[in-house]
Amino acid sequence: MKLMIKKYTVLFLLAGSLVSAQVSIGKKSLSGSSSILEFSGMTQTFAPEDTETGNVKGIMLPAVAASPVYNSVTQSTNHPQNGTFLFDKQTAKVRMFEKGSWIDMTDSGNVSSLIPVAGTETGNGVIIGASSSNAKGALVLESANKAMILPHIKNPHLAVKSPYPGMMCFDTVSKSIAIFDGNKWSYWK
């Protein structure tokens with residue numbers, strides 16, 4: 001009996017490692033097969049002109065003491081990966097790492113409403129979409145043919161009553177990425 005349970009456990013684990021994960025948060029199903037991570041609050045009809053959504057929650061980017069510095073000589077294991085987004089407490093800006101440098105996504109914001117994190121980070125983070133990744137982060141989305149769909153919010157500057165520094169969403173009215181820096185919203189097309 002124990003041998004049979006072990007065989008089924010091994011088969012289950014092997015089958016699980018071959019599956020590409022897709023995750024929906026705040027809803028029961030995904031809108032399609034092209035997303036690796038999708039949030040509730042999509043537009044009501046999914047038509048391009050539809051801006052109505054009941055969502056007022058976005059993604060909270062990690063707030064770090066300072067943006068990591070890439071060392072091209074040592075190729076350190078803690079260097080940022082292209083596409084890394086974070087809220088830098090030192091500059092009070094949302095930043096994205098691309099082509100070896102940090103790009104400011106917002107002006108200097110305000111860190112006064114940040115809640116201090118107690119404790120230390122453990123583990124290597126969570127990977128969605130693959131069994132492993134060379135990228136390092138708290139949440140790594142790894143896929144050759146799927147993307148993350150940001151939470152959709154109609155007019156986040158009006159709808160979100162207490163935004164948190166580093167909040168990120170898709171504004172369905174301006175059709176742009178909206179990012180809150182602790183003071184104001186910035187919009188990227």
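Start by selecting β5 and β6: these two strands pair in the antiparallel sense over four bridges. (Strands, E, at least two residues, and helices, H or I, at least four, are DSSP runs numbered from the N terminus; two strands pair if DSSP finds at least two bridges between them.) What you have open is a predicted model, where local features need pLDDT of at least 70, side-chain atom pairs count only at pLDDT 80 or more, and totals for chains, interfaces and linings use all residues. Residues are numbered from 1 along each chain as its sequence is written, and side-chain values use heavy atoms, with hydrogens and water left out.

**Stop 1: the β5-β6 hairpin**

Pick F85 and look across to β6, where M96 stands opposite. Now go to the turn: the hairpin has four residues between its strands, and one of the turn residues, A92, has a positive phi of about 60 degrees. A92 gets that positive phi although it is not a glycine. You'll find A92 in the loop between β5 and β6, the latter covering 93-98. Is A92 buried or exposed? A92 is buried, at a relative accessible area of 8%. (Buried means under 20% relative accessible area, exposed over 50%, and partly exposed in between, using a 1.4 Å probe and protein chains only.)

**Stop 2: the sheet around it**

Now widen the selection to β4, β5, β6 and β7. They make an open sheet of four strands in the order β4-β5-β6-β7, with mixed pairing. Color β4 (63-64) and β7 (101-104): both stand at the edges with a single partner strand each, so one side of each is left without a neighbour in the sheet. In general, strands of a sheet pair through backbone hydrogen bonds, either parallel or antiparallel.

For the parallel kind, look at β4 and strand β5 (residues 85-88), which run parallel and are joined by two bridges. Select V64 and you'll see D88 of β5 standing opposite.

**Stop 3**

- Strand β3 (residues 59-60) runs antiparallel to β12, with two bridges joining them. Here M60 stands opposite M167 in β12.
- Strand β11 (residues 152-153) runs parallel to β12, again with two bridges. Look for H152 opposite F170 in β12.
- Strand β13 (residues 176-180) runs antiparallel to β12, and four bridges join the two. The pair to pick is D171 and S176, the latter in β13.

**Stop 4**

Select K175, which sits in the loop between β12 and β13. Phi of K175 is near 55 degrees, a positive value in a residue other than glycine. At 42% relative accessibility, K175 counts as partly exposed.

Next, follow β13 into strand β14 (residues 185-188): the two pair in the antiparallel sense over four bridges. A178 stands opposite Y187 in β14. This hairpin has four residues between the strands too, and G182 takes a positive phi near 105 degrees.

**Stop 3: a pocket**

Which residues line the second largest pocket? Select M60, L61, P62, A63, K89, L114, I115, P116, V117, A138 and Y164. (On a 1 Å grid over the protein atoms alone, a pocket is an open set of points where a 1.4 Å probe fits, with protein on both sides within 12 Å along at least five of seven lines; lining residues have an atom within 4 Å of a point.) M60, from the M60-M167 pair, is one of these lining residues.

The pocket's volume is about 180 Å³, counted as the space filled by probe spheres set on the grid points, which are joined across faces, edges and corners. Color the lining by class and you get ten nonpolar, no polar and one charged residues. (Ala, Val, Leu, Ile, Met, Phe, Trp, Tyr, Cys and Pro count as nonpolar, Asp, Glu, Lys and Arg as charged, and the others, Gly among them, as polar.)

**Last stop: zoom out**

Show the whole chain. The protein has two helices and 14 strands. Of its 189 residues, 31% count as buried.
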